[in-house]
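Dear colleague,

Please find below the structure that I am handing over to you. My notes on it follow directly after.

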Amino acid sequence: MDHQPFETWILNQTELSEKDKHILDNHLQTCNHCQKLSVSWKSVEHELTHTPLAQPKPGFAQRFIASLTARRNLQHQEQVLRFLLYCSAGAFIALGLLVARVFADKSLLDVVVSLFSSLIGFVLETLTFFSNLFNSLQGPLPIILWILTTTTLVVLTIGLGYSLWKFVFKGVNKK
Amino acid sequence: MVKNLEAEWLELACQGNDEAFTMIVQTYQTPVYNLCYRMLGDAGDAEDAAQETFWRAYQGINRYDRQRSFITWLLSIAAHYCIDQHRKRRLPTFNIDLLTQEGVPDGAPVPERVVSQREQDHLIHSLLSDLPDQDRAAIVLRYWYDMSEEEIAQTLALTVSAVKSRLYRARQLLAKRWQSSQPIVLPEERSPHGSPAF
């Protein structure tokens, strides 16, 4: 037996016209299948509409606030790990490219000697520059300059250290 | 008044004010928790899912479209999270035995109201447990939150016609489940040509 459109009328919550209501009522008096469906659905609907909202255990918001700190810390740790990973990957790629470029026409020993000589040359040149500068200045100026340079270097080192510490332990606030 | 306060909290929360967000959590904890509970069927899982929902909302509050209802946005996050959890687990989601034990300690006197509430919970969970995830979400949003088909479509990211067909299919399944669990005795068997027994 075809139970359409009666099943649709029973289960869809659209308003039926008086004529359709009459047809449905007549059908329900003769069809057990549709009558059972109608009674069942009305019972289910009653249960659904009369079941109250489930409540969380007391202190839900406090638990959220507590978990917020833990979640933020976890997020910061992930940021640090990601940062280190990207830096390492970047350095690795740069090193790889450099090695590939250098080894194309030089031996490993040549590269090491060249690197060391460049580094030592740079340090010597810097020291000579500062020595000449201090010698050319008169009176207390070299000492003042030395103090200023040292202070600047210390402040920059502390600033860098603090930034790294903050990034590692506090993370970056996205907001 | 409430709407103004809500808008103010939202504004402050967008600026990173944790106290304002806590007020939002306090206001919406019950609807969010209820959706998670009806979807997952376990109080512990529902608590975790509701907490995760608020965390996701906290992280993404700057992406919230002010043209939409805030509760619809929150419920959308919760519904999608619960559906994802089901997909990941692929395990039986409703533990009826646990449900019947929940809330009352062993040996404690059980008031009639609590028993009745637990029975109702048991019945609802056993009915909902057979539904596919999105159909269950549609039913919960329709009957606990009184959402229209358009609102459900917006919340679940479906078309209105998909919501209509899901609701129809879910109602059919629920009615069949009811018939099999609680056999219906009709007043009188009628023949097509017999007189109505009224």
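B:Trp73 counts as buried, because its relative accessibility is 11% and buried means under 20% relative accessible area, with exposed being over 50% and partly exposed in between (1.4 Å probe, protein chains only). B:Tyr64 is buried as well, with a relative accessible area of 8%. Please note that this is a predicted model, in which local features need pLDDT of at least 70 and side-chain atom pairs count only at pLDDT 80 or more, while totals for chains, interfaces and linings use all residues. Residues are numbered from 1 along each chain as its sequence is written, chains are lettered from A and ligands numbered from 1 in the order in which they are written, and side-chain values use heavy atoms, with hydrogens and water left out.

Aromatic pairs

Rings of Phe, Tyr and Trp (its six-membered ring) pair if their centres lie within 6.5 Å; planes under 30 degrees apart count as stacked, over 60 as edge-to-face and the rest as tilted. By this rule there are 14 aromatic pairs over all chains. In one of them, the ring centres of B:Phe21 and B:Tyr58 are 5.2 Å apart and the planes stand at 80 degrees, so this pair is edge-to-face. B:Phe21 belongs to helix α2 of chain B and B:Tyr58 to helix α3 (residues 43–60) of chain B, so the pair ties together parts that are 37 residues apart in sequence. Helices here (H or I, at least four residues) and strands (E, at least two) are DSSP runs, numbered from the N terminus. B:Phe21 and B:Tyr58 are both buried. For B:Tyr64 and B:Trp73, the ring centres are 5.2 Å apart and the planes lie at 45 degrees, so that pair is tilted. One aromatic cluster is formed by A:Phe60, A:Phe64, B:Phe21, B:Phe54, B:Trp55 and B:Tyr58.

Helix packing within chain B

The axes of α2(B) and α3(B) are 8 Å apart, and the two helices pack at an angle of about 140 degrees. Axes are lines fitted to C-alpha atoms, for helices over the stretch in contact, and angles run from 0 to 180 degrees between N-to-C directions. The angle makes α2(B) oblique to α3(B); angles under 35 degrees count as roughly parallel, over 145 as roughly antiparallel, 65 to 115 as roughly perpendicular and the rest as oblique. Their crossing is right-handed, a crossing being left-handed if the near helix is turned anticlockwise from the far one by less than a right angle, and right-handed if clockwise. Among the residues of α2(B) that meet α3(B) are B:Phe21, B:Ile24 and B:Val25, and those of α3(B) include B:Phe54, B:Ala57 and B:Tyr58. By class, this contact of α2(B) with α3(B) has 16 nonpolar, two polar and three charged residues. Ala, Val, Leu, Ile, Met, Phe, Trp, Tyr, Cys and Pro count as nonpolar, Asp, Glu, Lys and Arg as charged, and the others, Gly among them, as polar.

Helix packing between the chains

Helix α4 (residues 60–102) of chain A and helix α2 (residues 18–40) of chain B have axes that come within 9 Å and cross at roughly 135 degrees. That angle makes α4(A) oblique to α2(B). The crossing of α4(A) with α2(B) is right-handed. Its contact (heavy atoms within 4.5 Å) involves residues of α4(A) including A:Phe60, A:Phe64 and A:Arg72, and residues of α2(B) including B:Asp18, B:Phe21 and B:Gln29. The residues of this contact divide into seven nonpolar, four polar and two charged.

Two threonines of chain B

B:Thr30 is placed in helix α2 of chain B and counts as buried at 16% relative accessibility. Leaving aside its neighbours within four places in sequence, B:Thr30 is in contact with A:Leu53, A:Ala54, A:Gln55 and A:Pro56.

B:Thr72 is found in helix α4 (residues 70–89) of chain B and counts as buried at 5% relative accessibility. Not counting residues up to four places away in sequence, B:Thr72 touches B:Met147, B:Glu151, B:Gln154 and B:Thr155. B:Thr72 and B:Ile152 are 80 residues apart in sequence, with their C-alpha atoms 8.6 Å apart in space.

The chains overall

Chain A has six helices and zero strands, and buried residues make up 21% of its 175 residues. Chain B has nine helices and zero strands, and buried residues make up 48% of its 198 residues.

With kind regards
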